[in-house]
Amino acid sequence: MKTVPRVLVVEDEPAIAELVAVNLRHNGFQPIWAADGDAAQRELDAVLPDVILLDWMLPGHSGLQLAKKWRASARTKAIPILMITARGDEPDKIAGLDAGADDYITKPFSTQELLARIRAVLRRRAPETMNDSVTVGALVLDAATHRISFESEELKLGPTEFKLLHYLMKHVERVHSRGQLLDKVWGDHVFIEERTVDVHVKRLREALGPAGALVETVRGAGYRLTARPRTS
Ligand code: CA
């Protein structure tokens, strides 16, 4: 039997929350409403949702603060977060992604757009069929246990960075354009801008620490993972 995905809707405006909840329910999701960060935390402490829809502007802790907090917590770090923002500014979107959101959606949004994005983040999170282990130099990724290490030191990566690294490691030395990475790593990318790839590559390099240099930018072409980084 197919399980119904739980969607935690963190939104302080009851009218919007109700509209979203009705639409989710009609489309095979189980919405749980939390009006602020404290209520959301209580829900997360009880049962983990499959995805979090997180409003940026909330009383008390902002959506941005909550995204950072949940990404830092072992219990909640793997749950996809879709930020809802009324702001259209690029720096805010980047800040949301940097805080750990997987994607963002700008108010006002259509039901279809919202559903498409929720399905997309859920698909991205779907278990890899390739439960293999890949090694590039001293970098080892084990898809089965979701562990990554460099020179035997374990590294912590977010879910999107993990998937991105997995793909790059499986196609080592090959150059991938942003569009190709969106196709292969994100899958459904109709709403995702190519700049999103840059944000996640930046986060990936930071998370890799000393191994970050293995992820190279190929000017005018895209990105590649190499076992032999250029020394500059
Ligand atoms: Ca709000």
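The structure described here is a predicted model. Because its relative accessibility is 1%, Glu11 is classed as buried. Beyond its neighbours within four places in sequence, Glu11 is in contact with Ile16, Ala17, Trp33, Ala34, Ala35, Asp55, Leu58 and Lys107. Pro91, by comparison, is 80 residues from Glu11 in sequence, and the two C-alpha atoms are 22 Å apart in space.

Asp55, one of the residues in contact with Glu11, is also among the protein donors of the calcium ion. The donor atoms are contributed by Asp12 (OD), Glu13 (OE), Asp55 (OD) and Met57 (O), at 2.1 to 3.0 Å from the ion. Along the chain, these donor residues follow the spacing D-E-x41-D-x1-M. Asp12 is partly exposed, because its relative accessibility of 27% falls between the limits of 20% and 50%. Glu13, with a relative accessible area of 36%, is likewise partly exposed. Glu11, in contrast, is buried.

At the level of the whole chain, the domain assignment gives domain 1 (6-123) and domain 2 (133-225). The contact between them involves 17 residues from domain 1 and 14 residues from domain 2. The centres of the two domains, taken over C-alpha atoms, are separated by 25 Å. Between them, domain 1 and domain 2 bury about 1300 Å², of which 48% is on carbon and sulfur atoms. Leu97, Asp98 and Asp102 account for 30% of the area that domain 1 buries against domain 2, more than any other three residues. Although two of these three residues are aspartates, the number of salt bridges between domain 1 and domain 2 is 0.

Helix 8 comprises 14 residues, 195-208. The distance from its first C-alpha to its last is 20 Å, close to the 20 Å expected at 1.5 Å a residue. The buried residues of helix 8 are Thr196, Val197, Val199, His200, Val201, Arg203, Leu204 and Leu208. In an α-helix there are 3.6 residues a turn, so residues three or four places apart point the same way. Among the buried positions of helix 8 are Thr196, Val199, His200 and Arg203, together with Leu204 and Leu208. Gly209 follows helix 8 and has a positive phi, near 60°.

How values were computed
Residues are numbered from 1 along each chain as its sequence is written. This is a predicted model: local features need pLDDT of at least 70, side-chain atom pairs count only at pLDDT 80 or more; totals for chains, interfaces and linings use all residues. Side-chain values use heavy atoms; hydrogens and water are left out. Donors are N, O and S atoms within 2.8 Å of the metal (3.2 Å for Na, K and Ca); water is not among the atoms, so sites may look incomplete. Buried means under 20% relative accessible area, exposed over 50%, partly exposed in between (1.4 Å probe, protein chains only). Helices (H or I, at least four residues) and strands (E, at least two) are DSSP runs, numbered from the N terminus. The expected span of a helix is 1.5 Å times one less than its number of residues. Contact means heavy atoms within 4.5 Å. Domain bounds come from an automatic or database domain assignment. Buried area is the accessible area (1.4 Å probe) that two parts lose on being put together, summed over both. A salt bridge is a side-chain nitrogen of Lys or Arg within 4 Å of a carboxyl oxygen of Asp or Glu.
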